[in-house]
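Open the model in your viewer and keep the selection tool at hand. This tour goes from one selection to the next.

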Amino acid sequence: MSSQTQSDPREMSELPVPSPLLSDVPLNIERDGDEILRGPPERVASNIETEPPTTVLDNPLIPASPSEPVHVTECHTIYSIFMACITNGYTSVYAYYAYSSDEKVYEFWSWIILSISVLAMAISFFLKPRREDLRYKIFLYFQYFGFAFISDFLAAVGDKKAINSFLRCLAWFALFLLGMRCRSHVAKLTDEDLSKFLSKDVIRGGVLIGLAQLVFLMFGSIQCDGNADDWRNCNRTLLSQTGLSGMVMLYTVIMLISGVVPTRILDKHVISLKRVVAMNMNSGECVQAFGLAIATCCGLYLFGNYGADGDFRNYTESYIMWTVMSVGCFSLVFVAVWNTFLIRAEMRSEEESRSQTHQGQSSPESFSSEDGLLVEASSFWFYCGVLATFYFSAINIAAAVTMDTFYISLTTISLPFVVLIYIASVLCQPKRRSSKDMWKLTIHAMSFGYVTEAAMMALKFRSGAFIQVIVHFFRCFLWRFCYNCLIKLREVVARLPDEDLETFLADIIFKGGYQILFSILFLTFRTTQCMFEKNGEAECRDISWCSTCISIFILILWVTKIVQKSVKSEWQKELNLSIEQIARMRGISMRVIAQGALTLLTGVCGIFLFSMMSADEMNKTTIVVAGFTGIGSSAGVFISELYSNLKAQRRMINLSESGEVVEQVTMNEEPVEELSWFFVVVSFLFTSTYSVLYIYYGVTLEARFKFMANIILPIVCIAFVMSVTFKPKRTDTVYMRFLCFHFCSFTVIAEISYAIGTFRLGEIFNTAFAIFRIPPWCLAFWLGLKLRESIAKLPPQELSDYLCQTVLTKSTAAMGTMLFFSFEAASCFISRNSLDDSQCSNTSNAAMCLSVYLAIFTAFSIASKAVPRSVQRETAWELTKMATLKGLKRWQRIQGGLMSVTALASLYLLSVLGVQTDRSDVVWVVGFMGILFISLAFVISEIMLVRLTRNHQRRGVVEMLKNQRSVRGISSSELQDGMFAAALV
């Protein structure tokens, strides 16, 4: 086209969407190559050929500027009806109790749904904050009156305790006044702030997250009641679920109420990790940090005991559970009330300062004090480490004196988190090098290492285990060696620049240390759960071993992270690997590859041991081998990382001393067009394993091979889908024949082997079903090849992101989750030592269904990324649309309903994992319905994406883009093929 038809770039800058334009087409084209045109294709063609250049405002092909964003001032009425149904369900439970006087209804079911009903009622206050008409107020008042007062009246009728009901009614009335006052404050927010509050806090935080967590916790008690002979055998799970639900409910309600506070004020009362590390906090921050720490520990204790079977043995255990639950909830309420008073005082002071300014008086100057760089932590954390090691030494001495199995088990359980606290206490003040400080560190190490080992030597000597006495004697030298290495690491950390040292202390030592500590505490509480259930410590040694091994795994990996971050930030660039390097598997040494393999092996051992913690009985040889294998592989990762860091530091120091300029490593990688053959081989091995298992089943007719093949089927399917997309631009005959051979070895050989096995057993129906499955597999493979052609037409950068992020990263993460589900089922059968045990049927069915959910979701995620980004934005779910249910098409509402049912099914199946009970058809029915619903939801989504893409094509955009050769388009037939490929696979 001539230069006269080019648009002025200054005019293009006035477009509402900042998208680049084609050099010779005066049309608005977005970044991903999708053009937005208005008018029929004939008019578009005539405009391109004949119309003179026009301005943006005169051009009818450029869409008009978008209208002002629509602010959400109230949620849809369906949410109010849904919350009213939940609260009325709570009232119905008490109505049935008043009618039947059934103790189970009052002591069990009312506690299960209490937290859900309270949160639903709290959400109801904020759904329509500006509705002041009489009809809505009557609805809201009647809902609360039925939820609170009628329920307590019915409870008084059932248990004949009017005083308790009267006191509860007073508390409900006070909460009603608080809710109405918060509602009035929410109504005064601006339209923009109110829209953010309703969409983010109410819908996302309250409905999607808060209620979903409470429903998940509720399923545990329901599942326990269905499996137990007497509902009283579920008191442990019931109280744990009640405590956790209460804490989650309180936290969610506090977040909802905090939405009425301006963000600028609320941000001032958020605890900074930097202040916590330096212990430079005011009284309010100290109270908040202390209260949240107590609530977190109580929550971990309750979550560790969640799912425990049996009733309490005595009142002491019940009292401890009630105390922990009450302390956790009270700490959250206390922190909320404390911050409320502080925020109210600050808001009043702001109002007074504004009034003084309005009257002409000078307001007091506000100042913001910025803390300096964090180069050392407070001494408080060092003494916390001293206290932890003193506790560990004390229980070791108590074990040596009393020889009680409780103290012996406690020493094993406490070792990982005591070591973690000790390491953090040594590294928290790296720049203190005085003789006094070094003497404190030495005495600290001696009291921790030598005293504990001496106590264990005495214990083993008294028990007659003389070989273990020698082992503990040599462990003293090991502690000394570890202490010297830790001091050397402390010296290296002290040489870091202040900025890197602040990051090291805040993010690695304390933030990462807190996360690891809470994980170890959770595993510890899982062991205490076993002690409560089995009424002893001797029967829980296997679970204690699994817990200790997993804790050691994550502790060693945390120490490895410390070693990684002990070098300067500019030196770390040489040690980091980009996702593009991993995708190509180029420029990576064999040591790094071995380190990655060891990391993967550590993760597999950790997942296996964690799944075995749910088993009633364990094969000791299996868990011991898995534990030592994981410890050895994690130690290998640590040694490899230590070697690479020392080598890099030595090289950098030599370059600095010689005066040479250290070259900065740039992380800009070329786009990835295909993945390495390494991943193709791994995928082929996965699918070949599935086929070999069915071949063994066809030859030997042993059910264990069929079981193992069914367990890994979802993982293998995802591996095969990934292998089809690894090298999308390879169309040569050799590679295409390899793909066909890969497919035949995966599906055809496996189905034929299964058919032979079932035919030999006389199962004619299964034989015919296996044969009839081969044509759908072939159709799915053909559609997968069509999808592969569509992927090959993506632009280079989009193709690189697709291969690295969607195919490699996300799909691998999904396979790891499915591996955990598989191990959960396998651990049950291993503990029962039989594949025909009906006690494991529920766990195996739940694991299979959850894996299928994830496989379907991952397959559709891979297939749907070929859709243009503008179409994805057009069909995206937004919180504002979810709040009002306006702007959603009919198919989106249907899809949302199907996904909601699937989410509920997933929560139910997650609660079933690890439960060893008789076979229940409910599990299979719920799982199958979830598979059906998630399949329908994604089929609907993909069909609508195909239609929307076809509408774009009808406007003539794709043809014009092909002529300009700026973006490679994707036809609707290819997208439809990809959709069916994902559905069938």
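Start with K727. This lysine has a relative accessibility of 1%, so K727 counts as buried. Keep in mind that the model is a predicted one.

**Stop 1: the partner of K727**

E674 and K727 form a salt bridge, with 3.4 Å between the closest N and O atoms. Both ends sit in loops: E674 between α22 (620–658) and α23 (677–700), K727 between α24 (703–725) and α25 (733–760). The two residues are 53 apart, and the pair links distant parts of the chain. Is E674 buried or partly exposed? With a relative accessible area of 31%, E674 is partly exposed.

**Stop 2: a salt-bridge network**

Now select E132, K137 and R183. Salt bridges with shared partners join these three into one network. Zoom in on E132 and R183. Their side chains meet in a salt bridge, 3.5 Å from N to O. Here too the pair links distant parts of the chain, 51 residues apart. E132 is in the loop between α4 (103–127) and α5 (134–159), while R183 belongs to helix α6 (residues 162–187). R183 has 2% relative accessibility and counts as buried. E132 has a relative accessible area of 45%, which makes E132 partly exposed.

**Stop 3: a helix and a loop tied together**

Move on to D498 and K431. Which distance separates N and O in this salt bridge? The value is 3.1 Å. D498 lies in helix α17 (residues 498–534), and K431 in the loop between α14 (405–427) and α15 (435–463), so the bridge ties together parts 67 residues apart in sequence. Check the exposure of both ends. D498 is partly exposed, at a relative accessible area of 32%. K431 also counts as partly exposed, at 38% relative accessibility.

How many salt bridges does a search of the whole structure find? The search finds 14.

**Stop 4: a nonpolar patch**

Finally, select W924, V925, F928, M929, L932 and L936. Together these residues make a nonpolar surface patch of about 540 Å². Center the view on M929. This methionine is found in helix α33, which covers residues 921–954. M929 counts as partly exposed, because its relative accessibility is 33%.

Definitions and conventions. Residues are numbered from 1 along each chain as its sequence is written. This is a predicted model: local features need pLDDT of at least 70, side-chain atom pairs count only at pLDDT 80 or more; totals for chains, interfaces and linings use all residues. Side-chain values use heavy atoms; hydrogens and water are left out. Patches are made of residues with over 30% relative accessible area and no salt bridge: like charges are joined within 9 Å, nonpolar side chains (Val, Leu, Ile, Met, Phe, Trp, Tyr) within 5 Å. Accessible areas come from the Shrake-Rupley method with a 1.4 Å probe; for residues, only the protein chains shown count as cover. A salt bridge is a side-chain nitrogen of Lys or Arg within 4 Å of a carboxyl oxygen of Asp or Glu. Helices (H or I, at least four residues) and strands (E, at least two) are DSSP runs, numbered from the N terminus. Buried means under 20% relative accessible area, exposed over 50%, partly exposed in between (1.4 Å probe, protein chains only).
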